[in-house]
Amino acid sequence: MIESSKLWTRPFIAILMMAFLFFLSLQILTAGFPAFISDMKNNPAQGGLMTTAFMVAAIITRPLIGMLIHKVHMKMLIIVAILFIIFTVGLSYQQESVSYLLLLRILHGIGFGVISTVIATMATNIIPSKRIGEGVGYYGLATSIGTSLAPMFALAFLQIFSFDALLVLSVLLAIATLILSLFIKQTSSSSSSNTVKQQVSLKEYAFDKKALLPCLLTAFFSITLGGVISFLSELGKEADLGGSVSMFFLIIALVMMFVRPFSGRLFDRKGHKVIMFPATLCGIIGLFLLAITQETWTLLLAGLFYGIAYGTIAPTLQSLAVSFVSKEKQGTANAMYLSFMDLGMAIGSTGLGILASITGYHMMYGFSIGSLVLLLLIYTFTFWKPKHANNVPNKAS
């Protein structure tokens, strides 16, 4: 049977809308919780711990999802997980106990791990293989705009309303996601899923070594992302930039709307090598500008460069991970990619938070450049080896 090359189908559009709403719902809390705890306790490390608990819970949950999506109706799995998210976010209302909120962030992370993996797998299952880079780019655009706009909305919202009002907004967005999910038809993980159930072990559902390298590189990038999302508001206070911080995230979202579709098509036509080097260098420049920023124009310029990096590195590495595995293992590749993304953010949120309490936020962003330098070095010494180039798919080389 010849695979259709049509990308813009009704299910794909519905999944993009759902992904945007869900990521916006959860990521406003990823920015809101650290800001709330940091202001209440005057402790950036405790604020970062809220993000770390969330991410670690998602990481622990995801290895099971590769198995569940072959055994459980994906639509039902999403509905149950969204209801779980709505309930646990609701329990956070009018709470100030750090330990109690930390427990709830763990529960939020479990729901996030389930839903983000299942939606990503539904998307990659319906994307034509010849347009995987472009399709993943658009899917990543939906999730990344939600992720990038969320801190802007959260920080601006908290200037006017309370943290409890932000929780209500998160619940309303989750309810909108739930309503939309009711209109999405079940997608099949693979035509051979029955065979997979019989032959694949839990370990193989949870891990595929073919996807490991792109996922590892993703973690190095998302370490810096954890610092940007969790502590940029504190950098704004340190540099006395006020409301300009929210504009940083708006710049990132606008930049990604342009670069993600472009980078996806470039991946399909030219491969990843023409993307990764300039994108990583843009990330380094963006972090350097954050490290020295004392004025609004420097902050916004940093958003431009970091937005280019975020808009190209993340979907390129996800496309690599998915393209390296068989069709029936795409759920596993997506789970691994998202887990490593969350792992990096968890390390960044806690580690950079501790570093910021010692050095200040400007120096913290300067030190985070080392993570992208490591990414570039590992990428260069692996993907540019001739023997490795012979082992990867042509479209990804």
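Predicted model: local features only at pLDDT ≥ 70, side-chain atom pairs only at ≥ 80, totals over all residues.
1. Residues are numbered from 1 along each chain as its sequence is written, and side-chain values use heavy atoms, with hydrogens and water left out.

2. Now for the rings: searching the whole structure gives 14 aromatic pairs. Rings of Phe, Tyr and Trp (its six-membered ring) pair if their centres lie within 6.5 Å; planes under 30 degrees apart count as stacked, over 60 as edge-to-face and the rest as tilted.

3. Tyr-138 has Trp-8 as a partner in an edge-to-face pair, at 4.8 Å centre to centre and 70 degrees between the planes. Trp-8 sits in the segment before helix H1 (10–41) and Tyr-138 in helix H5 (residues 132–160), so this pair ties together parts 130 residues apart in sequence. Helices here are DSSP runs (H or I, at least four residues), numbered from the N terminus. Trp-8 is partly exposed, its relative accessible area being 39%.

4. Do have a look at Phe-231 and Tyr-361 too, a tilted pair with 6.1 Å centre to centre and 40 degrees between the planes. Since Phe-231 belongs to helix H9 (residues 212–238) and Tyr-361 to helix H14 (residues 361–383), the pair ties together parts that are 130 residues apart in sequence. Phe-231 is buried at 0% relative accessibility, and Tyr-361 is buried at 10%.

5. Lastly, a cluster: Phe-22, Phe-23, Phe-54 and Phe-112 are linked by ring pairs.

Notes:
Helix = DSSP H or I, 4+ residues; strand = E, 2+ residues; numbered from the N terminus. Buried < 20%, exposed > 50% of the residue type's maximum accessible area, 1.4 Å probe, protein only.
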